[in-house]
Amino acid sequence: FAILTHAVLAAAIFLLGAAQSSGQGRYAWRLGSGPDGQVTASIFSLNTLSVGSSRVIDYHPALTISCRRGGNPHWSQSLQLKDPVSASGTINVSVRLDNGGERTEQWTLGFQDRGFFKDGSSGVARLLQSKRVRFSWRFGFLAGRGEAIFNLSGIHEAIAGLAGACGVELPVS
């Protein structure tokens, strides 16, 4: 199993080489691996969010797309934050692709409520058709809204590399 995991990761690194070099610095897709045999590609947002009250720290949220070899569902997308979100279970996330209209979706809160995720190929497939995506959400009743904007340059290569590494088809909507 360990040899298979290393082989999958090596294949993903090879396949994602073009995607990593297509961007620059923090705006390039980065390869990684997650729990349960996931292979991931992540990119940081163009905008910053702030965390902390006495000492404010600015950071860039990360969009991560992942696939699982043999898992169901195969595809997932997540938004990772440094500040926990005041909610439980699910959260309403507004998604805007390019200059299109906004649509609201239910996403599931992630580990320690420091982000949220949505499983399924349709959410990942729609990103293949776009150049930019904006996610927005409410932190809580009084905390205001959060927003993360991502440049999707190189996403075709990144998702094709993930699909090859996981041995799955490209996502379709």
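A salt bridge here is a side-chain nitrogen of Lys or Arg within 4 Å of a carboxyl oxygen of Asp or Glu. With that in hand, let's walk through the contacts of this structure. It is a predicted model, in which local features need pLDDT of at least 70 and side-chain atom pairs count only at pLDDT 80 or more, while totals for chains, interfaces and linings use all residues. Residues are numbered from 1 along each chain as its sequence is written, and side-chain values use heavy atoms, with hydrogens and water left out.

## Salt bridges

The search of the whole structure turns up 5 salt bridges.

| arginine 68 | aspartate 119 | 4.0 Å |

Helices (H or I, at least four residues) and strands (E, at least two) are DSSP runs, numbered from the N terminus. Buried means under 20% relative accessible area, exposed over 50%, and partly exposed in between, using a 1.4 Å probe and protein chains only.

Arginine 134 has 18% relative accessibility, so it counts as buried, whereas glutamate 147, at 30%, counts as partly exposed. Shared partners also join Glu102, Arg134 and Glu147 into one network of salt bridges.

Next comes the salt bridge between arginine 68 and aspartate 119. Here 51 residues separate arginine 68 in strand S5 (residues 62–68) from aspartate 119 in strand S9 (residues 115–119). Arginine 68 is buried, at a relative accessible area of 16%, and aspartate 119 is partly exposed, at 36%.

## Strands around S8

Two strands pair if DSSP finds at least two bridges between them. Strand S7 (residues 90–97) runs antiparallel to S8, and 7 bridges join them. Valine 95 is opposite arginine 103 in S8. There are 4 residues between the strands of this S7 and S8 hairpin, and aspartate 98 in the turn has a positive phi of about 50 degrees.

S8 also pairs with S9 in the antiparallel sense, over 2 bridges. Threonine 108 is opposite phenylalanine 117 in S9. The hairpin of S8 and S9 has 5 residues between its strands, and glutamine 112 takes a positive phi near 55 degrees.

## Aromatic pairs

Rings of Phe, Tyr and Trp (its six-membered ring) pair if their centres lie within 6.5 Å; planes under 30 degrees apart count as stacked, over 60 as edge-to-face and the rest as tilted. The whole structure contains 4 aromatic pairs by this search. Tryptophan 107 and phenylalanine 116 have ring centres 6.2 Å apart and planes at 85 degrees, so their pair is edge-to-face. Both tryptophan 107 and phenylalanine 116 are buried.

Phenylalanine 135 and phenylalanine 150 also pair edge-to-face, at 6.0 Å centre to centre with 70 degrees between the planes. Phenylalanine 135 lies in strand S10 and phenylalanine 150 in strand S11, so the pair ties together parts 15 residues apart in sequence. Phenylalanine 135 and phenylalanine 150 are both buried. Finally, Trp107, Phe116, Phe135, Trp137 and Phe150 form one aromatic cluster.
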